[in-house]
Amino acid sequence: MSIELLTLLFFGLLFVFIMLGVPLAFVLGGLSIVFLYFERGPISFYLIASKMWDLMETSSLIAIPLYVFMALLLERSGVAHDLYRMMHLWWGGVRGGLAIGTVGICTIFAAMSGISGAAVVTMGTIALPQMLNRGYDKRLALGAINAGGGWGILIPPSILMVLYALITEVSVGKLFAAGVFPGLLLFALVSTYIGIRCWFQPHLGPSLPPEERASWAEKINALKSIFLPVFIIFIVLGAIFGGFATVTEAAAVGVFGALVASAVNRKLSWKIISEASLRTFRLTTIITWIVFAAHAYSMAYTAMGAEEFITHLTAQIPGGKWGALAFMMFVLLLLGMVLDPVGIMLITLPVFLPLVAAHGFDPVWFGILFVIMMEIGYMTPPFGFNLFYLRSVAPPSVTMKDIYWSVGPYTLVELSGLLIIVIFPGIALWLPEYLFQ
C-alpha cells in the first residue's frame with residue numbers, strides 16, 4: 001500500500017475512533033500496534049516495549065506530577081483571593097480595570113502553576129461574579145478569563161513545554177526562558193484591547209464609583225499579597241535560570257513554595273494535601289499513558305516512511321518556508337478546536353519536526369509558536385478545555401453560548417501576538433540566548 005493511502009487510513013481511523021469517544025491513549029496505542037505489526041511483523045511489539053523503556057528513564061517526566069501537584073495546592077492556598085483583592089483596589093477605578101486586573105492575576109498564576117485550568121477555575125470562581133455584579137459585559141469578562149487562563153502553558157513553568165522538550169530533545173530551560181517575553185506580550189495585547197474597548201464603550205466595563213474606590217493607604221497595604229506569588233516565582237524560575245537546579249528539581253522547590261503559601265494563609269491541612277495528591281495521581285496517569293501511546297504512534301508513522309512523504313508534500317505548498325509555517329499553524333488551529341493539546345502535540349510533532357529542520361527554523365522558537373497555538377486551542381469552540389472549565393464554575397446566568405461567543409475577539413488578539421513573534425523572533429529567543437550562551 002502506498003504511503004499516501006497509509007497516511008489517509010492511519011489518521012482517518014484516528015479521528016473516527018476519537019469521535020466515537022474511545023480514549024485517546026487506547027486509540028493511539030492500538031493503531032500503532034496494528035499498523036506496526038503489518039509493517040514490521042512480530043518484532044514491532046519489541047520495538048514498542050523498547051521505546052517505552054527508554055521513555056521511562058527520562059528524568060524530566062518527574063517534573064509533570066510535581067508541577068500538577070503545585071498547581072492544585074495553589075488553587076486552595078488562598079493566594080488568588082488576596083491577589084484579586086489587591087487588583088480590585090488598584091484597578092477598580094479604571095474602565096475595564098477589573099478585567100485587566102483579572103488578566104494580570106492570570107499572568108501571575110501562570111508563572112506559578114504550569115497548567116491552564118488552574119487560573120480559569122480560580123478566576124471563574126472569584127473574579128467572574130464580581131465583574132458581573134459590577135455591570136461588566138458577560139462576554140468581555142468571560143473572554144478575559146479564558147484568554148488569561150491559557151497562559152499557564154506558555155509562561156514558565158509549563159508542563160506542555162516539558163513534554164515538547166521530551167519529544168524534540170531541546171533544552172527545557174531554554175524553552176522556559178523563551179516563553180517569558182511572549183507571555184508578557186500577550187498580556188500587554190489583551191490588556192490593551194480591554195482598555196481601548198472599554199474606553200470607547202464604557203458600559204462594557206464600568207469603573208467603580210468614586211465612593212467605592214480605595215484610598216492610597218489601602219492600596220499600599222494590599223501590596224503585601226504580592227509577596228507569596230513573587231516568592232514562588234522567584235524560587236522556581238530563579239533556580240532554573242540561575243543554574244542552581246534542573247527543571248525537575250525546581251518543580252520540587254515549587255511544591256515547597258506552594259506548601260509554604262498554603263501554611264502562611266492557614267489553608268494547609270491533611271485534607272487539602274490528600275485531595276491534591278489524588279487528583280495529581282489521576283491527571284499524571286492519564287498524561288503518562290497518552291505520552292507512551294503517542295510515542296508509539298509517531299514511531300509507527302515514521303516506520304511507514306513518513307519523513308520522505310512529508311518533505312515531498314510540503315515542497316508543493318506555495319510560499320516556501322513561510323507557506324509551510326502558515327500551513328502548520330493552520331493545522332494546529334483546526335486540531336485545537338477538537339482535540340486535547342497534549343494529544344495534538346504528540347500526534348503532530350513527529351510530522352512537523354522534519355519540516356522545521358528542513359526549513360531551518362529554530363526548534364525553540366517554533367516551540368513557542370506551537371505552545372501559543374495550543375493555548376488558543378484551549379479557548380476555542382467547540383471542545384476547548386477552558387470553555388468547559390469556565391462553564392463548570394460560572395453562575396447560572398452564563399450560558400454556553402455566552403462562553404463560545406466571548407472568545408472571538410481574544411482569539412484574534414492572540415493570533416496578532418503570534419504574528420508579531422513570527423516577524424520578530426527575538427521576542428522569544430533573546431532571553432534563552434542571553435541566559436544559556
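## Basis

The model is predicted: local features need pLDDT of at least 70, side-chain atom pairs count only at pLDDT 80 or more, and totals for chains, interfaces and linings use all residues. Residues are numbered from 1 along each chain as its sequence is written, and side-chain values use heavy atoms, with hydrogens and water left out.

## Helix α22

Helix α22 spans residues 426-435. Helices here are DSSP runs (H or I, at least four residues), numbered from the N terminus. A428, L429, L431 and P432 of α22 are buried. Buried means under 20% relative accessible area, with a 1.4 Å probe and protein chains only.

These four cover an arc of only 160 degrees around the axis, so they lie on the same side of α22. The arc is taken from the directions from the helix axis to the C-beta atoms. In general, an α-helix has 3.6 residues a turn, so residues three or four places apart point the same way. The buried residues of α22 pack against α10 (172-178), α11 (180-200), α19 (363-379) and α21 (400-423). Contact means heavy atoms within 4.5 Å.

## M329 in helix α17

M329 sits in helix α17, residues 320-336. Its relative accessibility is 9%, so M329 counts as buried. Leaving out residues up to four places away in sequence, M329 touches F366, L369, M373 and L418. M373 is 44 residues from M329 along the chain, yet their C-alpha atoms are separated by 7.1 Å.

## Aromatic pairs

Rings of Phe, Tyr and Trp (its six-membered ring) pair if their centres lie within 6.5 Å; planes under 30 degrees apart count as stacked, over 60 as edge-to-face and the rest as tilted. By this rule there are eleven aromatic pairs. One of them joins Y193 and Y410: the centres are 5.3 Å apart and the planes stand at 80 degrees, so the pair is edge-to-face. Y193 belongs to helix α11 and Y410 to helix α21, so the pair ties together parts 217 residues apart in sequence. Both Y193 and Y410 are buried.

F361 and W365 form a tilted pair, at 5.5 Å centre to centre and 40 degrees between the planes. Both F361 and W365 are buried. Y164, F366 and F370 make up one aromatic cluster. F366 is also among the residues that M329 touches.

## Charges over rings

A charge sits over a ring if NZ of Lys or CZ of Arg is within 6 Å of the ring centre and within 35 degrees of the ring normal. R95 lies over the face of W199, 4.8 Å from the ring centre. The charged end of K219 sits over the ring of W90, at 5.6 Å from its centre.

Terms used. Buried < 20%, exposed > 50% of the residue type's maximum accessible area, 1.4 Å probe, protein only. Helix = DSSP H or I, 4+ residues; strand = E, 2+ residues; numbered from the N terminus.
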